[in-house]
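Please look over the strands and their pairing in the structure below.

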Amino acid sequence: MLSPSGQTRLFGKSSLVKGRGIGLAQGAVHEVYAASGRQAPIADGFSLALALREFRPPFVWVREDRGRHETGGLYGGGLSEWGATPDDLLLVRAPDAARLLAAGEEALRSGAAGAVLMSGWGEAKAFTLTASRRLALAAEQGKTTAILVRANAHPQPSAAETRWAVEAAPSRALDARAPGRPAFKVSLLRSRAGLATDEWIMEWDRESRSFVEPEASGRLVPVAARRPVGVRAA
Amino acid sequence: MLPVDRLASVRPDGPFALTDKTANALRLTTVDSEALGLGLAPGMTLADARAQVPHLEAWPHEAAGDAALLDRTLDAFGRFSPMAALDPPQGLVLDVTGCAHLFGGEAGLMKAAARLSERLGLQSRLALARTPQTARALARFGQGGIVSEGDDRTTARRLPVAALELASAETQALRRAGLKTLGDVDDRPRAALAARFGADISSRLDRVLGLEDARITPVRPPAPVMADRVLMEPLISTEPLEAVIADLLADTEKALETRRSGARGFRLTVFRVDGQSRRIGLGVARPTREAGNILRLFRERLAALSTPLDPGFGIDQLRMEALHLQRMDPVQTAIDEQDQRAEALDALIDRLTARLGPEAVTWVRPADSHLPEKASRRVCASRPEADDGVRWPDLDPDSPPLRPLHLFDPPQPVEVISPVPDGPPARFKWRRVTHHIALAEGPERIEGEWWRRDGGRVRDYYRVEDETGRRFWLFRAGHFGDEPAPRWYVHGLFA
């Protein structure tokens, strides 16, 4: 994180909203954990949003093959609708976690990308503290930022600068009860700069490439939705 | 004879022949040397042959196996020259101009070829001459051997008239006319020969005598830049390979430099002493000739091979070819940061492609189709394509994302509960979880490809969000009331 004073909040009116320059530390590794395996697309979207907000293209996105069955592959139309320029996004498929990390390291060290995203699926042995340190070193050497997205896995000790957890949040409806802008429930789990762990509801505004805190209003659907007893929440 | 040699390890001992049914009789197509010695010849009926040699073993002739063996033999002999052609049914022709020095001169090359043929278990006759037709005729109808410079005509003149390969009636006619060797034919005035035997005979004669040179058409066109290393001591492990590859790349770099070109493809062929060979290729996004770079890429490629390189009884030759040459002036180092980044990105693409394969490193490009699954495609980053003018659709600034970040291929069936005719479902079940829909937008109607027979049904897409905030792209295939009943799917997941 940026401010050594540790008082700056990442989200909220004083930080990551439109107009403010504070953001993620460069040349470091940041981890984004999906709240569950099924939330993998949400974690991917949030991470891409972070990259678009903070860094300049081209981006390299390395993805482990295993996730494809669960969530499908990245879709060019969706990337475009998210506010990315797909032409600036190099997609790399890795057959397993070890090669995911190796390819990510290669991309970071090359200094060719504005940011390197890595999407892994599951609890793989390859994600050790040593591997994390290697990534951090490669990020530093290449002066490139890494965003490691993990789904269906529990946070492990790592050399990450910040660690986040993300899950879907209900959006603010448009007229005619249509789904509105993508909304996330974002938690900062850990920060080396000592920022307070916190939780926010954020929306992604692709036009301004920024996160927006939805105005508190009576029209907001509460986070804990009415769920019939017995139905498992995703 | 190739067909018999091919079966060497499985055939019985004793006189042996292969047969095929021609003109309603089983006739010998090939005989081994023992059977030949006992007076049998191709063309005899099996009945006659058995009458002469009762203990003859005869098997049916399978020509397909011969062709395959000939192809493999071509690969093996490709080590002597990349200009290699088949001379069916059981011959090869190689253009070894400029290749002999690698094997210690013409004599050395012939010795090496004989050794190789022996190792492959084939009996062969080799001939080296100035033109392909002379060499071929000498191997087929003569004694083979090396024809010294300028001796082509004199040597060829000693061949029998069968070497002209005319129809048997014509060949008989020549013999009856007292012309037994090519020399005899050569001495006659050409006009008279043409009058009696047709214009064809003159050009055939010229070719066999080496007066006319018809170039061979190699099976694989040789690469424009090539370097070979023949190893006196075959390598039995793969470690020292890198040093030889480095050597070869130094040679190709020099050759490319003189042509002021770079290459976009490189191919390494590894030849083993037992005749087997293996080709390992790689491609680069930008033309290059820098040996160090390419060596690094080959290192990655060799490490990532799905079946590792097996030296067998030894590797005795390596060849490096540079392909897809492009004009490349002396490398200008990138001046500004943007150029440097672009170069770094290309280099990264090359390295990742060498390690993971070209299909794993891609760009995403729009495609001209209204079907969502076809509207986006992947382009291998190592094979850049020209701009086809297709662009991503414009975005509506007031809308949230109308297309999901992730797409399933194929779409996944879901069970819809309480559908509203021509409306979104109130609930749907997917992967054993029931989702209650809180927000929905649609339908967005996407027709199938009506111009195709199997174009698919019309789809009504809905952007839906469940109570937890998860957002799905559902569609109903077919209209309400259709036969068969419409089916629902989840096509993608929004973030």
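Predicted model: local features only at pLDDT ≥ 70, side-chain atom pairs only at ≥ 80, totals over all residues.

Residues are numbered from 1 along each chain as its sequence is written, chains are lettered from A and ligands numbered from 1 in the order in which they are written, and side-chain values use heavy atoms, with hydrogens and water left out.

**Strand E5(A)**

Strands (E, at least two residues) and helices (H or I, at least four) are DSSP runs, numbered from the N terminus. Strand E5 of chain A spans residues 115-121, and seven of its seven residues are buried (under 20% relative accessible area, 1.4 Å probe, protein chains only). Ala115(A), Leu117(A), Ser119(A) and Trp121(A) point one way, while Val116(A), Met118(A) and Gly120(A) point the other way.

**Pairing**

Two strands pair if DSSP finds at least two bridges between them.

| Strands | Sense | Bridges |
|---|---|---|
| E2(A) (residues 59-64) and E5(A) | parallel | five bridges |
| E5(A) and E6(A) (residues 145-151) | parallel | seven bridges |
| E18(B) (residues 459-466) and E19(B) (residues 471-477) | antiparallel | seven bridges |

Ser119(A) stands opposite Arg63(A). Ser119(A) also stands opposite Val149(A) in E6(A). In chain B, Val464(B) has Phe472(B) of E19(B) as its bridge partner.

**The two-chain sheet**

An open sheet of eight strands runs E3(A)-E14(B)-E20(B)-E19(B)-E18(B)-E17(B)-E16(B)-E15(B), with antiparallel pairing. Its edge strands are E3 (73-74) of chain A and E15 (415-417) of chain B, and each pairs on one side only.

Technical notes: Buried < 20%, exposed > 50% of the residue type's maximum accessible area, 1.4 Å probe, protein only.
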